[in-house]
Amino acid sequence: MNIRKGRIDDVDKVYRLYKKVSQTEGGIARFEDEVTEEYVEGFVKNALDDGVFIVAEKDGDIVGEIHGYKIGIRVFDHVLSNITIVVSPDFCGEGIGKKIFLKLIEEGKKIEGVSRMELIARESNKKALKFYESLGFEIEGKMRQRIKNSKGEFEADILMGIIF
Ligand SMILES: CC(C)(COP(=O)(O)OP(=O)(O)OC[C@H]1O[C@@H](n2cnc3c(N)ncnc32)[C@H](O)[C@@H]1OP(=O)(O)O)[C@@H](O)C(=O)NCCC(=O)NCCS
């Protein structure tokens with residue numbers, strides 16, 4: 001397993017990973033048909049320009065990815081936001097998520113002035129919420145009825161943050 005900073009030429013492989021992960025509802029917010037190459041290329045460019053982009057590579061495939069980037073408004077310049085993590089369902093529970101998240105924190109802290117990182121996870125994604133708490137993120141708020149799943153049911157989104 002190779003944990004490294006991502007590059008622009010990783011877009012195709014990251015797109016394939018997101019397609020796979022989005023087939024299971026309950027993780028990332030987007031439905032499968034909303035995972036487009038434009039979406040992936042967009043966050044990759046944002047993270048390369050003004051944030052952190054980390055991949056986990058195994059046998060030439062990207063099996064895990066995490067990114068975060070700044071919001072682009074000066075009052076939020078110390079905030080690494082839009083953090084999203086995915087690990088291939090074939091490799092979940094093997095410690096890849098933890099490794100790439102720790103790398104994102106390490107690299108994010110190196111960005112001058114960054115003193116806060118934040119993310120949002122749906123309330124039912126208990127595994128992810130516990131995982132983020134184990135890394136030091138705290139629950140800061142609950143956005144009620146923010147998610148409407150494919151069955152038309154509402155659920156809350158949980159805002160989490162960590163400060164340094
Ligand atoms: C959330 C996700 C990124 C975790 O990645 P992972 O590689 O499986 O995580 P790890 O193996 O590093 O485990 C991290 C922690 O998650 C927890 N965890 C892992 N597998 C678990 C399981 N099957 N059940 C409950 N908790 C579990 C553990 O607390 C673990 O910490 P520990 O190693 O200190 O015990 C991954 O499951 C994923 O991509 N899910 C789908 C997309 C998603 O939900 N993204 C987040 C949107 S907010």
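A: E65 has a relative accessible area of 0% and is therefore buried, a class that means under 20%, with exposed over 50% and partly exposed in between (1.4 Å probe, protein chains only). The model is predicted: local features need pLDDT of at least 70, side-chain atom pairs count only at pLDDT 80 or more, and totals for chains, interfaces and linings use all residues. Residues are numbered from 1 along each chain as its sequence is written, and side-chain values use heavy atoms, leaving out hydrogens and water.

E65 belongs to strand β3. Helices (H or I, at least four residues) and strands (E, at least two) are DSSP runs numbered from the N terminus. Although 47 residues separate E65 from Y18 in sequence, their C-alpha atoms are 9.0 Å apart in space.

The charged pairs can now be taken in turn. Side chains of opposite charge can pair when their charged atoms come close. A salt bridge here is a side-chain nitrogen of Lys or Arg within 4 Å of a carboxyl oxygen of Asp or Glu, and by this rule the count comes to 15. One of these joins the side chains of K20 and D90, with N and O 2.6 Å apart. This pair connects distant parts of the chain, since K20 sits in helix α1 and D90 in the loop between β4 and α3 (96-110), 70 residues apart. K20 is partly exposed because its relative accessible area is 35%; D90, at 48%, is therefore partly exposed as well.

A further salt bridge is formed by R116 and E140, whose closest N and O atoms are 2.8 Å apart. With R116 in strand β5 (residues 116-122) and E140 in strand β6 (residues 138-148), the pair spans 24 residues of sequence and links distant parts of the chain. R116 has a relative accessible area of 16% and so is buried, whereas E140 reaches 41% and so counts as partly exposed.

E155 lies in strand β7 (residues 154-163), and 33 residues separate it from R122. E155 counts as buried because its relative accessibility is 15%; R122 is buried because its value is 6%.

The axes of helix α1 (residues 11-22) and helix α2 (residues 37-50) come within 9 Å and cross at roughly 120°. Helix α1 is therefore oblique to α2. These axes are lines fitted to C-alpha atoms over the stretch in contact, and angles run from 0 to 180 degrees between N-to-C directions. Angles under 35 degrees count as roughly parallel, over 145 as roughly antiparallel, 65 to 115 as roughly perpendicular and the rest as oblique.

Strand β4 contains N82, which at 34% relative accessibility is therefore partly exposed. N82 and A47 are 35 residues apart in sequence, with their C-alpha atoms 9.4 Å apart in space. The loop between β3 (61-69) and β4 (79-87) holds I73, which counts as partly exposed because its relative accessibility is 47%.
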